[in-house]
Structure formats: structure tokens, C-alpha cells
Amino acid sequence: MLSIALEEVEVRFRRQLLFPPLSCQLESGKTYAITGPNGSGKTTLLRIIAGQKRADAGKISWQKNSKELDPESWYADLSWSGPYLEYPNELNLQDLLNQHFWFKAPVANISVKDIPTLLNLKPHLDKKVKLFSSGMLHRLKTGLAVFTQSEVLLLDEPTANMDSENRMLMLSLIQQYKGDRLLIIASNLEEEYSDADEVIQIR
């Protein structure tokens, strides 16, 4: 079991407070949504939760089996995706999958070779990532996070730039493979977090 505690977390931009001090307890097996207007700090908050950015005030801690984890080790229990995530443009899809799953394990009952088919990307195995459309690229980003074994799954606008068919596909895959992870979705699109156990409105 893994839990994440936020205590009076503050984020500022050019000395201006983005949202009121935030305190909450996030637990394995539950889905949380972070919502708020554009520019309210949703992505920044996700990055703070992931340990990629420091809060301007307050404290965030991860606990696993009642033991507090060193922030430098959080990445080992985490998979995440977002529009800002970048891949080496010169890699094709097959090489990127090989590289990613050299360092990370896929979720149970999933073979790496099945992932392109599940994401409707199999015809593009030899295509370089830099040639992907915005929808294909975001489908890849979200899919890799969902199919990576982890205790915590962070998804920032998981269906951005996708057409209706692929949006429905991705939402179905998230539900099917989220398992008992702690899932946090940053979004203003209600269909992306309609099954959330708790909605955190940050402004």
C-alpha cells in the first residue's frame, strides 16, 4: 500500500499564489482528479507530487507500507504522462518501446509486443516519433504510462488531441489497466475523471 500526503502545499508564479494552501491524503486503489482553469497550476501540482518540482511552501511525503520514502526513490513507484513529456525524436516506435521497457516492466498480463495493437499504433512501428501526429503522440505517452507497472499513475490530460474513437479507447484502457494503483488525473474534461473517488478543485 502506498499513500501520498500533501500538507499546506503552495505554488507561486511570479510571487503570485496559484491556489490556496492544499492539504490532502491520497491512497492506493483510489482515483483522484485535479481540476481548475487553465493556468491554475494543475500540471505544476502533478510535477510536485511526482517529485519533479519543489513546492514553494508546505510538505509532500510518500509512504509505502507505513514507511516514508526518500523523494529520490519516488520515481521507482511512478509512471506518468503529460503533454510536456518528450521522447528522442530519432527513435521509431519499436525502438522507443524497447528502450522504455528495458528500464520499466509492463503491467501484469501485458506483453510489450501487444502494446502497439492495443494503442492502434501497430502500422507505425517503423515510423520515427517525430513524424507522429499530435494525437498519435499523446496516445503513445498516455499508453506507455498506463501499461507501465507502477504503484502511482499520474495522467495529465490523458486524451488530449485525440479523436472521439481513440479518446474512448484510451478511457477504456485506463479503466481496464489502472488496477489498484493510486491514480491521479489532471483534467478539465469531465469524461476523463467521471469515475474519480475524489475531485480536488484547486481554484
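This is a tour of one protein model, stop by stop, with what to select at each point.

The model is predicted: local features need pLDDT of at least 70, side-chain atom pairs count only at pLDDT 80 or more, and totals for chains, interfaces and linings use all residues. Residues are numbered from 1 along each chain as its sequence is written, and side-chain values use heavy atoms, with hydrogens and water left out. Helices (H or I, at least four residues) and strands (E, at least two) are DSSP runs, numbered from the N terminus.

**Stop 1**

Select strand E1, residues 2-10. Seven of the nine residues of E1 are buried, and the strand is mostly covered. Buried means under 20% relative accessible area, exposed over 50%, and partly exposed in between, with a 1.4 Å probe and protein chains only.

E1 and E6 pair in the antiparallel sense over seven bridges; two strands pair if DSSP finds at least two bridges between them. Select Ile4 and look across to E6: the bridge partner of Ile4 is Trp62.

Leu6 stands opposite Cys24 in E4.

**Stop 1: Lys42**

Select Lys42, in helix H1 (residues 42-49). Is Lys42 buried or exposed? Lys42 counts as buried, at 7% relative accessibility.

Show what surrounds Lys42. Leaving out residues up to four places away in sequence, Lys42 touches Ile34, Thr35, Gly36, Pro37, Ala186, Ser187, Asn188 and Ile202. Contact means heavy atoms within 4.5 Å.

Select Gly36 from that list. Its backbone oxygen lies 2.8 Å from a polar atom of the Lys42 side chain. A polar contact is a pair of N or O atoms within 3.5 Å; within protein, one must be able to donate a hydrogen and the other to accept it, and residues adjacent in sequence count only if both atoms are side-chain atoms.

**Stop 2: aromatic rings**

A pair of aromatic rings is described by the distance of the centres and the angle of the planes. Rings of Phe, Tyr and Trp (its six-membered ring) pair if their centres lie within 6.5 Å; planes under 30 degrees apart count as stacked, over 60 as edge-to-face and the rest as tilted.

How many aromatic pairs does a search of the whole structure find? The search finds three. Select Trp80 and Tyr84: the ring centres are 5.6 Å apart and the planes are at 20°, so this pair is stacked. Trp80 is partly exposed, at 26% relative accessibility, and Tyr84 is partly exposed too, at 29%.

Now select Phe147 and Tyr177. Their ring centres are 5.2 Å apart and their planes are at 70°, so this pair is edge-to-face. The pair links distant parts of the chain, 30 residues apart: Phe147 is in helix H4, and Tyr177 is in helix H5 (residues 164-177). Phe147 is buried at 0% relative accessibility, and Tyr177 is buried at 18%.

The charged end of Arg47 sits over the ring of Tyr84, 5.8 Å from its centre. For this, NZ of Lys or CZ of Arg must be within 6 Å of the ring centre and within 35 degrees of the ring normal.

**Stop 3: Asn92 and helix H2**

Select Asn92, in the loop between strand E8 (78-81) and helix H2 (93-103). Asn92 is buried, with a relative accessible area of 15%. Asn92 caps the N-terminal end of H2, with a side-chain oxygen 3.2 Å from the backbone nitrogen of Gln94. Leaving out residues up to four places away in sequence, Asn92 touches Leu125, Asp126, Lys127, Lys128 and Val129.

Finish with H2 itself. Leu93, Leu96, Leu97 and Phe101 are buried in H2. They cover an arc of only 115° around the axis, which puts them on the same side of H2; the arc is that of the directions from the helix axis to the C-beta atoms. On the other side of H2, Trp102 and Phe103 are exposed. To see what covers the buried residues of H2, show helix H3 (115-118) and helix H4 (134-147), which are among the covering elements.
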